[in-house]
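Hi everyone, thanks for coming.

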Amino acid sequence: MLPERRGVIVGAELNKGPDHISDHGVRTVRRGRRSGRRRLLFWMFSIAAVFSICIAVFGFKMLFPGVEEHQNFSSLTDGKDVSIKSDTVEQPKKKPHRGRFNPCEVALASSVDELVEPKAFWNFANFSLHYVEREEIPSLENPTAPRFGGHQTLEERERSFHAVNQTIHCGFVKGLEGLPSTGFDLVEEDKVYMSTCTVVVSSCIFGSSDFLRRPTSKLISQYSKKNVCFIMFVDKETLEKLSKEGSTPDERGFIGLWRMVVVSNLPYDDMRKTGKVPKFLSHRLFPSARYSVWLDSKMRLHTDPMLLIDYFLWRKKSEYAISNHYTRHCVWDEVQQNKHLNKYNHTAIDEQFLFYQSDGLHKFDPSDPNNPLPSYVPEGSFIIRAHTPMSNLFSCLWFNEVDRFTSRDQLSFGYTFLKLMRTNPDKRLVLHMFKVICNCITSLLCFHYKLFPLSK
C-alpha cells in the first residue's frame with residue numbers, strides 16, 4: 001500500500017514522475033487556497049452590502065424584531081418625528097422648543113430733530129418723596145449691622161405704599177456714625193458727572209458675568225451723543241477682565257459711548273441682587289435726571305434713546321414702560337419655573353409667594369377685561385422711565401421687595417404694582433407694558449418688536 005497523499009486533487013494525472021507529481025500537487029493546493037479565500041471575501045462583502053442597504057431602507061426593526069428605536073424618516077413622514085414607545089427602556093425626553101414670535105412693527109420717529117416733549121406730559125400724580133439716609137436708632141434688644149436697604153419694619157413697609165408726602169426706605173441707607181459704608185460706593189468724580197445727567201441710558205456688569213456690548217454708535221444721533229449719559233456700572237473684577245480682553249477705558253473713562261463707572265464695596269453677595277440697584281434706583285443715582293432707559297447687559301442698543309422715550313412714554317402718555325414676559329403671565333407659573341430651574345432657594349421663593357398670597361395676590365386671568373395689566377410677569381430687560389413721583393415710588397417699592405425677599409424681580413413686580421394701585425385708588429401709576437422688543441433695539445434679545453422709521 002502506497003502512503004496516503006494529502007492535497008492531491010481528484011482527477012489529477014498520476015502517471016507523471018515523482019518530482020513532477022510533487023510540484024504539481026503543491027501548485028494545485030496553493031491555487032485552491034487562493035480561490036477559497038476569494039470566494040469567502042466575495043460572500044462576506046456581499047452579505048455586508050445587503051445588510052447595510054436593509055438598515056438604510058428599513059431600519060433595525062425589520063432585521064431584528066423586538067429592537068425598537070426612536071427614528072426620524074424624513075423621506076417617509078414629511079419631516080415629522082416618528083416616536084415608538086419601548087416597554088423596556090424609557091426614551092430620553094426632548095427639550096421643548098421655545099416658541100417663535102412674529103415681529104410687531106413699531107413706528108419710531110424718523111429723526112430726533114422732529115421730537116418735541118409734550119407740554120402736558122408731566123401732569124401725573126404729584127407728591128414729595130424723601131429717602132431714609134441714615135438709621136439713627138438701632139434696636140437695643142436686637143442690635144443689627146447696617147444694611148444697604150436698611151431695616152424696614154412691616155409697619156414702615158405698609159405705610160410706604162401710600163402715594164403721599166413721605167420719607168421711605170429706598171436703598172443707600174447709611175449706618176450710625178463711625179460704622180463702615182453699606183455699599184455701592186462711587187468716586188467723587190463719577191458722582192459729579194452723574195449729577196449733571198438729565199437723560200440716562202444705563203446698564204451694569206458685576207462679577208465679570210457678561211460681555212461688554214456697546215451701543216451702535218452710527219445709529220445714535222449727535223444730539224443724544226451730546227445730551228444723553230451712557231453709564232455702564234462695573235466692579236473692579238469686571239474692569240480688569242475687560243482690560244485683558246482689549247477693552248480699556250480711555251483717559252476720560254469711556255469705552256465707546258459707555259462711561260465706565262466703577263462700583264466699590266458691593267452691597268450684596270448675590271450679584272443679581274446688586275444689579276437691581278442701578279436697575280431700579282436710577283432716580284437715586286441720577287438726581288437731576290428726567291428720563292432713564294435701563295438695558296440688561298445681554299442687550300445692545302441699536303436705536304437712539306430719544307426715539308424710544310418718544311414712542312414708549314410721550315406717545316403712550318405713560319410714565320413707566322416695561323416689557324412683559326414672552327410666554328409667562330401668571331406669577332404662579334413664574335414661581336414653578338424658578339423652582340424647576342433652581343433659580344433661587346426654593347424655601348425663600350415659597351416664603352415670598354405665600355406672603356404675597358396672604359396679602360391679596362391672585363392668579364392672572366387673561367379673559368378678565370378689567371385686568372390692570374396685560375401680564376403680571378415682566379421680562380424686565382428693558383425699562384423706560386420718566387422720573388415722576390409715582391414712578392420713583394414704584395421703583396423704590398419694587399427694590400424694597402427684592403431687598404427683603406429674593407433677587408427674582410419677576411416674582412414681586414405684579415404684587416407691587418397691584419398693591420400700589422389698591423392702596424391709592426385716586427392716584428395711578430401710568431404704566432405701559434409692551435411685548436418684548438426686537439433687533440432694532442437689541443441684537444441679542446429679539447422676540448416681538450420690529451422698529452421702523454415713521455413715514456412722513
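Predicted model: local features only at pLDDT ≥ 70, side-chain atom pairs only at ≥ 80, totals over all residues.

Residues are numbered from 1 along each chain as its sequence is written, and side-chain values use heavy atoms, with hydrogens and water left out.

So, how many aromatic pairs does the structure hold? There are 30. Rings of Phe, Tyr and Trp (its six-membered ring) pair if their centres lie within 6.5 Å; planes under 30 degrees apart are stacked, over 60 edge-to-face, and the rest tilted.

Take phenylalanine 121 and tyrosine 291: they're tilted, with 6.0 Å centre to centre and 45° between the planes. Phenylalanine 121 is in the loop between strands S1 and S2, while tyrosine 291 is in strand S8, so the pair ties together parts 170 residues apart in sequence. Strands here are DSSP runs (E, at least two residues), numbered from the N terminus. Both residues, phenylalanine 121 and tyrosine 291, are buried, meaning under 20% relative accessible area with a 1.4 Å probe, protein chains only.

Next, there's a cluster linked by ring pairs, and Phe148, Phe184 and Tyr268 are among its members. Phenylalanine 148 is buried at 3% relative accessible area, and phenylalanine 184 at 4%.

Last, the charges. Arginine 252 has its charged end over the ring of phenylalanine 254, 4.4 Å from the centre. Lysine 419 does this over phenylalanine 161, at 5.2 Å. "Over" means NZ of Lys or CZ of Arg is within 6 Å of the ring centre and within 35 degrees of the ring normal.

Notes
Helix = DSSP H or I, 4+ residues; strand = E, 2+ residues; numbered from the N terminus. Buried < 20%, exposed > 50% of the residue type's maximum accessible area, 1.4 Å probe, protein only.
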